[in-house]
Amino acid sequence: MSTQREPIGVIGTGYVGLVTAAGFAELGNEVWCIDIDAAKIEGLKRGEIPIYEPGLEELVTKHRGRLHFSTDIADALEHARLLFVAVGTPPTYSGDADLSAVHAVVDAMPASDGHALVMKSTVPVGTGASIKRIFGEQGKHHFRYVSCPEFLKEGSAVRDFLQPDRVVVGDDGDWAGEAVVDLYAPLGASLVRTDIASAEMIKLAANAFLATKISFINEIANVCEVTGANVIEVAKGIGLDDRIGPKFLQAGVGFGGSCFPKDVTALKQLAGNSGYHFQLLNAVIEVNELQKRRVMAKLEKHLGTLVGKTVALLGLAFKPNTDDMREATSLVLSARLQAAGARVRAYDPVAETEARKLMPGIEFADDALTCVEGADAVVLVTEWDEFTHLDYAQVARAMSGDVLIDGRNALDPEAVAAAGLTYEGIGR
Ligand SMILES: NC(=O)c1ccc[n+]([C@@H]2O[C@H](COP(=O)([O-])OP(=O)(O)OC[C@H]3O[C@@H](n4cnc5c(N)ncnc54)[C@H](O)[C@@H]3O)[C@@H](O)[C@H]2O)c1
């Protein structure tokens, strides 16, 4: 198979780029991976994986012969006609997407015939059109452009690449679009072949919809708390409706991560910049911000003032099975707790290195039981399996208080209460 598959380039070897590269290597492609981070590239050449993503190390190791790492974009241009762009597009202070890394790649392209940029980075609608215009201004009229947004989820990214719900290809109906469709063909996924602007909007709209679902169920949970209903039962009851579906109906302490917060804000800003006030997304964002802070009131309800109290945070990453701390709820929570005078101790199975850079003034523990030692309250922030399987009787014995806030509704309230703890979940 490998002899018939065409070589490709991947620019940016982060969560999306490295998974895409390893995924295509699994399909038989030679992949030239480019990053401006020389240390990352040197590490990758030695077989060191810079991120925690289940299954990724195995795949990169398996295909070391097909994966080539370099800091020089010319290496990709020499071997591949399709250059997948997977550089970061973080939010600016205004909430718009920062496209400087994307533009650095665009500017580095030569005026050659027979190459195409395939945009995997999440960009505002209109970016493809503006890049094509820039190519024209720079005399790179032959450079093709394809939008191929990425939908992988950190924590299951390898599986998501190999078994995608759908592949979206937005293009101008030229060779480049065809080539991208061919590349993905072995996966047998549903294909949405469309224009570039629609492909760009599909990505933003998908994330905005998922974020809306989360904020919706969080508000339902908040109303459950004041009316006596149980959001777990409610989510089950509504999720069985085919039109609603059971996913993304888990109430909790709010969404974080590198995508939802920035993409929802970027879509809101995009609409605003175009003269449309996207009211619904304003609410989705505001509900999420408030949700992250509701834990404070729950703690104060049980402990009174938090001054001098020790609060243990179990889990810091924005979700389980990743070390990604971008926009994690734990960041807001630890800052609020410290501002309220509490001592914060935290433990995460893999995110500690990242967390240490972002969370000054908190104490890190090496394991869950050390983390809860002497704590007045414990907050389960990230639902790592390890925490759902903890012996909560042991946790109760180690703590000096007895309050457990289950920020992800991941535990069995009766079992936790039987272990001697005062359980409080979200909306149940
Ligand atoms: N992380 C996700 O779950 C996810 C899912 C879908 C889409 N996306 C989108 O994919 C894009 C990448 O996200 P990520 O999480 O992989 O980011 P990341 O920060 O993990 O990786 C980006 C990489 O690009 C490199 N880079 C920056 N400028 C470069 C340049 N000029 N040339 C070469 N390399 C450069 C960085 O050094 C870094 O290694 C973003 O637009 C994001 O919104 C991310």
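**Reading strands and helix contacts in a predicted model**

Strands β1 (residues 8-11) and β2 (residues 31-34) pair in the parallel sense over four bridges; pairing requires that DSSP finds at least two bridges between two strands. Strands (E, at least two residues) and helices (H or I, at least four) are DSSP runs, numbered from the N terminus. The model is predicted, so local features need pLDDT of at least 70 and side-chain atom pairs count only at pLDDT 80 or more, while totals for chains, interfaces and linings use all residues. Residues are numbered from 1 along each chain as its sequence is written, and side-chain values use heavy atoms, leaving out hydrogens and water.

Me: Which residue of β2 is the bridge partner of I8?
Reply: The partner of I8 is V31.

Me: Which way do the residues of β1 point?
Reply: In a regular strand the side chains alternate between the two faces of the sheet. Here I8 and V10 point one way, G9 and I11 the other way, and all are buried (under 20% relative accessible area; exposed is over 50%, partly exposed in between; 1.4 Å probe, protein chains only).

Me: How do helices α12 and α13 cross?
Reply: Axes are lines fitted to C-alpha atoms, for helices over the stretch in contact, and angles run from 0 to 180 degrees between N-to-C directions. The axes of α12 (residues 279-303) and α13 (residues 329-339) come within 8 Å and cross at roughly 40°.

Me: Which residues make the contact?
Reply: Contact means heavy atoms within 4.5 Å. K292, R293, V295, M296 and L299 of α12 meet T329, V332, L333, R336 and L337 of α13.
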